[in-house]
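Thanks for asking me to look this over. Here is my friendly note on the salt bridges, with the structure shown first.

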Amino acid sequence: MKRLIFLLAVLFLIPAQSMAKHKKVIEMGLFKITAYCPCDECSEGYGRKCAKKDTYARSEHTIAVDPDIIDLGSKVKVGKKYYVAEDIGGRVNGDIIDVFFDTHEDVEEFGVKYKNVKVIKERDG
């Protein structure tokens, strides 16, 4: 019985602990959160094309960031939701994040919010 408990601990507890050690959370502080869609008014003719090579924006997945603040490709927690920094924008400077939506109606409904932002990085090694 002791052997079974040990084996279960090795199989379930140790991998979970080691996975947690491979992530680094960087607190970025309070950001202004806006929204955009593929329409000309929001995307200036770029549509779904993202700054990150070979990437197309996906609703409530893609965010536009200032690459001097948040690296493209980063996993970003905005409030309680997770996104991927795949785009940049002319109006996205400093502590502003733009969340991509499929329709302009969704953009208008989203409005402007202020949320705490965290960047989730994979640790080396």
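The numbered points below take up the charged pairs in turn.

1. A word on the basis: this is a predicted model, in which local features need pLDDT of at least 70, side-chain atom pairs count only at pLDDT 80 or more, and totals for chains, interfaces and linings use all residues. Residues are numbered from 1 along each chain as its sequence is written, and side-chain values use heavy atoms, with hydrogens and water left out.

2. The structure holds 5 salt bridges (a side-chain nitrogen of Lys or Arg within 4 Å of a carboxyl oxygen of Asp or Glu). Side chains of opposite charge can pair when their charged atoms come close.

3. One of them joins Lys23 and Glu122, at 2.6 Å from N to O. Lys23 sits in strand E1 (residues 23-36) and Glu122 in strand E6 (residues 113-122), 99 residues apart; strands (E, at least two residues) and helices (H or I, at least four) are DSSP runs, numbered from the N terminus. Glu122 is exposed at 55% relative accessibility, while Lys23 is partly exposed at 38% (buried means under 20% relative accessible area, exposed over 50%, partly exposed in between, with a 1.4 Å probe and protein chains only).

4. Lys81 pairs with Glu60, their closest N and O atoms being 3.2 Å apart. Lys81 belongs to strand E4 (residues 81-87) and Glu60 to the loop between helix H2 (40-43) and strand E2 (62-64), so this pair ties together parts 21 residues apart in sequence. Lys81 is partly exposed at 45%, and Glu60 is partly exposed at 40%.

5. Asp71 forms a salt bridge with Lys121, with 3.1 Å between the closest N and O atoms.
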